[in-house]
Amino acid sequence: MYYLIETEDQLERFFKDEGNECYLQFITNNDEVHPKLQSLCALYIYSFSKEKGFIININHPEAFELDLPLNYLKSYTNIFVKEKIKSLLYIPQLPYTDIQSIYYLLKNEPLGPLPKTGAHAFYERKFGANNVNKIIPIAKHYEALTQEFNALYPYISNYKSEESNKWYNEILTPTLSKMVSEGFKINNTFRKHFEINEKFNIKEDKIYGWYNFCTTTGRPTNNFNKINFSALKHDSGERDAFEANNDVLVEMDYEGYHPRIIAYLIGHYIDEKESVHTQLAKMYYETEEIDDEMYKKSKELTFQQMYGGISKKYLKHEYFNKTQKFIDALWDEFNQKGYVKTLIARRRLLKGNYKNITPQKLFNYYIQAFETEYNITLLSRIFKFLEGKKSKMVLYVYDSMLFDFSLEDGKETLQSLKQLISSDFPIKIKRGDTYSSLRAP
């Protein structure tokens with residue numbers, strides 16, 4: 001059978017004797033455009049049963065056009081894709097398995113650039129801001145995507161070898177796909193602070209970001225189209241550009257998140273009703289009366305102990321004594337087994353993936369992994385809770401979650417969100433019309 005499928009008869013014959021697994025890649029009109037705003041040009045399917053790749057044309061001008069063959073695609077019980085987060089935005093109903101996370105769990109790094117043809121480089125350089133993939137010849141797409149499949153195939157067989165693949169495939173990737181699909185409303189001050197090609201991720205006054213989870217620490221970053229949504233500045237005015245699409249923005253962020261996570265892991269009691277930094281200041285200064293300067297210094301000291309190593313003079317305190325014992329035990333296990341597993345996803349932090357690793361660095365990676373896995377699992381529950389409601393989750397930044405809240409959902413929705421998010425760690429709540437105007441109620 002020829003590789004190009006462009007008629008209903010060819011489509012029917014292809015799927016008549018097709019197996020139940022395949023590799024699928026989406027050919028969009030322009031790879032630079034956010035997946036939420038994309039249109040599909042064609043589909044590349046590598047059939048495991050036929051041991052060959054095929055292209056199903058959707059609207060590339062070199063072939064007859066077909067409607068999206070959704071019912072045929074639903075006949076697969078498993079579809080390997082390079083990036084499940086994107087794939088769920090194109091066709092959410094299909095049973096995807098994410099290759100990106102398989103690779104990351106083995107290598108602790110993102111997939112590098114995959115093969116492209118000289119034709120791709122030429123056309124993208126000359127027509128990159130347009131629907132360039134409709135200009136590139138179908139034969140060149142086929143050539144490039146067959147090379148891409150061959151590069152990815154070795155990792156497909158590793159899917160079941162990592163315990164944590166289940167969490168990454170069933171919790172993390174669907175949750176981040178939901179996050180990037182919501183969009184964040186912008187106003188007329190946006191162009192004062194950002195110069196970008198707006199067709200790539202803005203539509204109807206909403207901007208779309210992208211979460212990358214393949215980082216050294218496992219913490220997702222949120223960068224897209226030259227904007228770092230995870231680090232929007234407080235004092236530059238750029239946060240003025242983001243506002244509520246419903247009625248009000250509500251931010252819920254954890255108080256003293258990392259010190260409290262550590263206390264949770266080592267089994268040390270920390271009062272939820274008082275700032276963790278106030279409690280630690282009392283420990284450092286051995287007094288119940290803490291002023292602003294002592295509080296500020298307490299935060300500095302705590303971060304020095306967490307990220308730079310615990311000073312011997314603080315080991316007399318139970319909190320730091322238990323923490324040091326935890327660090328030592330983690331380091332011993334790491335060296336004996338060649339890895340340690342994270343608590344929730346059971347991701348292996350493999351010794352071979354970290355150069356110049358130290359006990360303190362390992363501890364930091366472990367804490368940030370717990371933070372991420374806890375948050376993503378919680379976000380998954382939040383999205384289920386918000387189904388059918390107007391309120392949306394619009395931004396997640398490490399220790400905080402930002403909601404575009406609709407008053408139609410009622411106070412009980414806000415109260416339920418608060419209870420859900422603060423079930424293990426205390427939170428602070430701020431509200432405002434814009435991202436820059438958030439204040440405690």
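Is Cys214 buried or exposed? Cys214 is buried, at a relative accessible area of 4%, where buried means under 20% relative accessible area, exposed over 50% and partly exposed in between (1.4 Å probe, protein chains only). Before going on, keep in mind that this is a predicted model, in which local features need pLDDT of at least 70 and side-chain atom pairs count only at pLDDT 80 or more, while totals for chains, interfaces and linings use all residues. Residues are numbered from 1 along each chain as its sequence is written, and side-chain values use heavy atoms, with hydrogens and water left out.

Staying with cysteines, Cys41 is buried too, with 1% relative accessibility. You'll find zero disulfides here, a disulfide being a pair of cysteine sulfur atoms within 2.5 Å. For Cys41, the closest cysteine sulfur is in Cys22, 18 Å away, so a bond is out of reach.

Now for the inside. In soluble globular proteins, nonpolar side chains tend to be buried together. A nonpolar core here is a set of buried Ala, Val, Leu, Ile, Met, Phe, Trp, Tyr and Cys residues joined through side-chain atoms within 4.5 Å. The largest one has 89 residues, and the members touching the most others are Phe190, Ile207, Phe242, Ile382 and Tyr435. Helix 13 (residues 359–386) gives this core its largest share, 13 residues; helices (H or I, at least four residues) and strands (E, at least two) are DSSP runs, numbered from the N terminus. Take a look at Phe190: leaving aside residues up to four places away in sequence, Phe190 touches Ile196, Ile202, Ile207, Ile227, Ala241 and Phe242, with contact meaning heavy atoms within 4.5 Å.

Three strands form an open sheet in the order 10-11-12, paired antiparallel; two strands pair if DSSP finds at least two bridges between them. Strand 10 (211–212) and strand 12 (227–228) are the edges, each pairing on one side only. Strand 10 and strand 11 (residues 221–224) are joined by two bridges, and Tyr211 has Asn222 in strand 11 as its bridge partner.

Finally, check the backbone. Most residues other than glycine have a negative phi. Lys226, in the loop between strand 11 and strand 12, has a positive phi near 70°, and Lys226 is exposed at 71% relative accessibility. Asn108 also isn't a glycine, yet has a positive phi of about 60°. Asn108 sits in the loop between helix 4 (99–107) and helix 5 (118–127), and is buried, with a relative accessible area of 10%.
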